[in-house]
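Subject: Structure for your files

Hello,

Here is the structure I said I would pass on. Please have it open while you read the notes under it.

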Amino acid sequence: MTEPVSATAHAHPNIALVKYWGKAPRPGNVPASPSLSITLDGLTTTTTVTVKGREDAVYLDDQPVTDAKINACLDNLRRRFDIPPLEVRTSNDFPTAAGLASSASGFAALVTAVDAACTLGLAAAARSDLARQASASAARSVFGGFVVLDEPEWQGRPLLGGDAWPLRVVVAVTSDAAKTVSSSEGMRASAASPYFPGWVDSTREDFAAARFAVLERDFEQLADVAEHSCLKMHGLMLATRPALLYWNPATLACIQRIRALRADGVPVFFTVDAGPQVKAVCLPKAQDEVMAALQTVEGVQRLLTAGLGGGAWVAGQ
Ligand code: PMV
């Protein structure tokens, strides 16, 4: 009997500073607009893939699960490569499906682990392309630091290493509940919003401005464009039928607190994804003050902190 072939990969979530929300009308899960993100450290998905059994078996935190998106990702890989039945064991050391981009780190880790276990020999760009087809934001978690996802390839690309501009992120967790409307469903509905064309067109400008701000390490300019992109995405979500309202009262209270800090000259800005958590992005010297401020906001359950981390990697390599 041959030994099972196994590989473990790790990946971190990423947070978009220029958001994508909506798909291009073509196959391959291609975003309608470019995005720019930071990959975090500290929060990690760990996925072990073992060539085993007669059919695929997937476990999340050691519980057997049926996950349509994981199945679709494996089917997609099998359309290109000869891949035997697999056992997939995955776990996150942070809340799943609550706006902390667990699908981003999840699919970056899955594709990286399958590549290693089945010795496919894929380059990072090819893994990013495959991860994007499962969950577009996952394309960015293949890389570390500041990452762009843009045309024409729609594969993540590193823009600037995290060491070159080591921003800090304080995540205010305001709820552990799983979100009620998935990103894919929400995006489908938002495409019919009258705001959608304006969102797509103007995001190209935001992307160019944010890219420039990162390369110049211009915190104020990045803060302006990131908050604008975030609020504009939530504006589009509100102008969707049925409306997508991912915030709770503590989400808004955190945003107000961060705006007040910034108005007082503290180098911090906020961003919020398809969930109620608020991410405060700051210069390292401001982290303690930001934590002290968010800790006292009513409804904040706990704070997580992160720096900028690397791209997906295989354990032991
Ligand atoms: O690719 P998905 O399905 O994980 O959607 C990500 C959507 C946002 O997190 C809200 C924005 C983004 O660009 O990451």
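Predicted model: local features only at pLDDT ≥ 70, side-chain atom pairs only at ≥ 80, totals over all residues.

Aromatic pairs

Searching the whole structure gives four aromatic pairs. One of them joins tryptophan 21 and tyrosine 246: the ring centres are 6.4 Å apart and the planes stand at 80 degrees, so this pair counts as edge-to-face. Its two members come from distant parts of the chain, 225 residues apart. Tryptophan 21 is in the loop between β2 (14–18) and β3 (35–39), while tyrosine 246 is in the loop between α7 (219–238) and α8 (249–263). Tryptophan 21 and tyrosine 246 are both buried.

Another pair is made by phenylalanine 146 and tryptophan 165. Here the centres are 5.7 Å apart and the planes are at 20 degrees, which is under the 30 degrees cut-off, so the pair is stacked. Phenylalanine 146 belongs to strand β8 (residues 146–149), and tryptophan 165 to the loop between β9 (156–160) and β10 (168–173), with 19 residues separating them. Both phenylalanine 146 and tryptophan 165 are buried. These two rings are also part of a cluster, in which ring pairs link Phe146, Trp165, Phe219 and Phe269.

Charge over a ring

Which ring does the charged end of arginine 89 sit over? It is the ring of tyrosine 59, with the charged end 4.0 Å from the ring centre.

The sheet and its helices

Four strands form an open sheet in the order β11-β12-β10-β13, and their pairing is antiparallel. The edge strands are β11 (268–271) and β13 (302–306); each has a single partner strand, so one side of each has no neighbour in the sheet. On average, neighbouring strands are turned by 25 degrees against each other, direction ignored.

Within this sheet, β10 and β12 (residues 278–282) pair in the antiparallel sense over five bridges. Valine 170 has alanine 280 in β12 as its bridge partner.

Helix α7 lies across β11 and β12 and runs at about 20 degrees to β11. Helix α8 packs on the sheet as well, where it touches β10, β11 and β12. The direction of α8 makes about 155 degrees with that of β11. The loop between α7 and α8 is the one that holds tyrosine 246, the partner of tryptophan 21 described above.

Regards

How values were computed: Residues numbered from 1 in each chain as written. Heavy atoms only, no water. Phe/Tyr/Trp six-rings, centres within 6.5 Å; stacked < 30°, edge-to-face > 60°. Buried < 20%, exposed > 50% of the residue type's maximum accessible area, 1.4 Å probe, protein only. Lys NZ or Arg CZ within 6 Å of the ring centre and 35° of its normal. Pairing = 2+ DSSP bridges. Axes fitted to C-alpha atoms, helices over the stretch in contact; angles between N-to-C directions. Contact = heavy atoms within 4.5 Å.
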